[in-house]
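Take a moment with the fold before reading on.

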Amino acid sequence: MTPPRGRIGGKSTTREPIIQEPVASDSHVTPDSESEATRRDADVAESSRANRGWWDRNADEYQVEHGTFLGDNRFVWGPEGLDEVEAELLGPPEELKGKDVLEIGAGAAQCSRWLAEQGARPVALDLSHRQLQHALRIGGSFPLICADAGALPFADASFDLACSAYGAMPFVADPVLVLSEVRRVLRPGGRFVFSVTHPIRWAFPDEPGPEGLTVSASYFDRTPYVEQAEDGSAVYVEHHRTIGDRVRDVVAAGFRLVDLVEPEWPSWNTSEWGGWSPLRGNLIPGSAIFVCERD
């Protein structure tokens, strides 16, 4: 569950786990505790630079806080806990054997680890070097690639399937660029499934309690959410797209949208994850999962 950044290294030809050396962070970026939240424009370069730094700084805390929920080898689509074992959005598990699968924004590669156990041949890609170090810590025999989702370092038609559980898509300024890159590396008939924060959530405060149930902003305001340092440089960026925007992005990139899943909050899930909670989850959707196919 991590965002993309600029291309790092050449095309991957190995099936061994690798991590490429991280690019040095900008020296002027201040710690997150000193940042302020605002809404302003942020282009592709600024969004990528900020989010790579944020995830590198916060990967340890993220894995400590959410690692138990995510597990080491589960494929969870979002905070609701929808599991690919049940959802089968990539297809029946028994049909994954032998498939080449690209996971984008893999984080510690929990989803890729599950895919490998089904007999698939996953490649886990993430912008954050530190997140991929956690993937190495947990282990696995599949490649780990530190690269930009908007400039995938793979040849055309390299994969049968691609997936992204809250990885990259919420954080990129140009989603059509990422979707076009994913389509390029998929083989004809390939499927790309990605999950993001449900767009309706942008109209509500990001709070798990009752205060998060009252509309406080326009759903149609696409201005990115930015946390910035004292000098105005972004240290975290998240981009808003309406449901209609997401559908148009998918179509513009050459995909066919075959399903849009809005997971309901299950009764067994009593945990809170940031603004996600049973209270809100029983009233409004928290995640949206787009199932796309390349003809």
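Two strands count as paired if DSSP finds at least two bridges between them. The strands (E, at least two residues) and helices (H or I, at least four residues) are themselves DSSP runs, numbered from the N terminus. The model is predicted, so local features need pLDDT of at least 70 and side-chain atom pairs count only at pLDDT 80 or more, while totals for chains, interfaces and linings use all residues. Residues are numbered from 1 along each chain as its sequence is written, and side-chain values use heavy atoms, with hydrogens and water left out.

Start with the sheet. Seven strands form it, in the order E4-E3-E2-E5-E6-E10-E9. The sheet is open and its pairing is mixed. E4 and strand E9 (256-261) are the edge strands, each pairing on one side only. Neighbouring strands are turned by 20° against each other on average, direction ignored. Axes here are lines fitted to C-alpha atoms, for helices over the stretch in contact, and angles run from 0 to 180 degrees between N-to-C directions.

Now follow E5. E2 and E5 pair in the parallel sense over three bridges. Glutamate 103 has cysteine 163 in E5 as its bridge partner. Cysteine 163 also stands opposite valine 193 in E6. E5 and E6 pair in the parallel sense too, over six bridges. There, alanine 162 has phenylalanine 192 of E6 as its bridge partner. Is E5 enclosed or open to the outside? Six of its seven residues are buried, so E5 is largely enclosed by the rest of the structure. Buried means under 20% relative accessible area, exposed means over 50%, and partly exposed lies in between (1.4 Å probe, protein chains only).

In soluble globular proteins, nonpolar side chains tend to be buried together.

Leucine 102 shows the packing in detail. Contact means heavy atoms within 4.5 Å. Not counting residues up to four places away in sequence, leucine 102 touches Val123, Leu125, Leu152, Phe154, Phe159, Leu161, Ala162, Cys163 and Val185.

Leucine 186 is another residue to look at, and it is found in strand E6. At 0% relative accessibility, it counts as buried. Serine 158 is 28 residues away in sequence, yet the two C-alpha atoms are 5.9 Å apart. Leaving aside neighbours within four places, the contacts of leucine 186 include Ala157, Phe159, Asp160, Phe255 and Arg294.

Turn to the helices. H3 is followed by glycine 119, with a positive phi near 95°.

Helix H6 (residues 243-252) lies across E6, E9 and E10, running at about 20° to E10. H5 and H6 pack at about 40°, with their axes 8 Å apart. That makes H5 oblique to H6. Angles under 35 degrees count as roughly parallel, over 145 as roughly antiparallel, 65 to 115 as roughly perpendicular, and the rest as oblique. In the contact, Pro175, Val176 and Leu179 of H5 meet Arg246, Asp249, Val250 and Ala252 of H6.

Last, two backbone exceptions. Most residues other than glycine have a negative phi. Alanine 109 has a positive phi of about 65°. It lies in the loop between E2 and H3, and is buried at 0% relative accessible area. Alanine 157 has a positive phi of about 55°. Its loop runs between strand E4 (144-146) and E5. Alanine 157 is partly exposed, with a relative accessible area of 33%.
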